[in-house]
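Biologist: Please put the model on screen. I would like to go through it with you.
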Amino acid sequence: MFNIEPGALSKMIETHLTSGKCPDKDKAKLKELAGSLHENDNNLMFVGKLKR
């Protein structure tokens, strides 16, 4: 589980996109997600399983 504020998530997305390590297939999804975030939104929570 991962809980983060929208502003911090936007910064993380921008950092990842500019790092050059982001696959092309994921860039559009991340840009869409970053565009939908607003600093006054509630925190976001991600829940998932790690692959081994």
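Biologist: Is Phe2 buried, partly exposed or exposed?

Modeller: Phe2 counts as partly exposed because its relative accessibility is 39%; buried means under 20% relative accessible area, exposed over 50%, and partly exposed in between, with a 1.4 Å probe and protein chains only. This is a predicted model, where local features need pLDDT of at least 70, side-chain atom pairs count only at pLDDT 80 or more, and totals for chains, interfaces and linings use all residues. Residues are numbered from 1 along each chain as its sequence is written, and side-chain values use heavy atoms, with hydrogens and water left out.

Biologist: And how many aromatic pairs are there?

Modeller: The count is one aromatic pair, given that ring centres of Phe, Tyr and Trp (its six-membered ring) must lie within 6.5 Å. The rings of Phe2 and Phe46 have centres 6.4 Å apart and planes at 35°, so the pair is tilted; planes under 30 degrees apart would be stacked and over 60 edge-to-face.

Biologist: New topic: which residues form the largest nonpolar core?

Modeller: That core has seven residues: Ile4, Leu9, Ile13, Leu17, Cys22, Ala34 and Leu37. Such a core is a set of buried Ala, Val, Leu, Ile, Met, Phe, Trp, Tyr and Cys residues joined through side-chain atoms within 4.5 Å.
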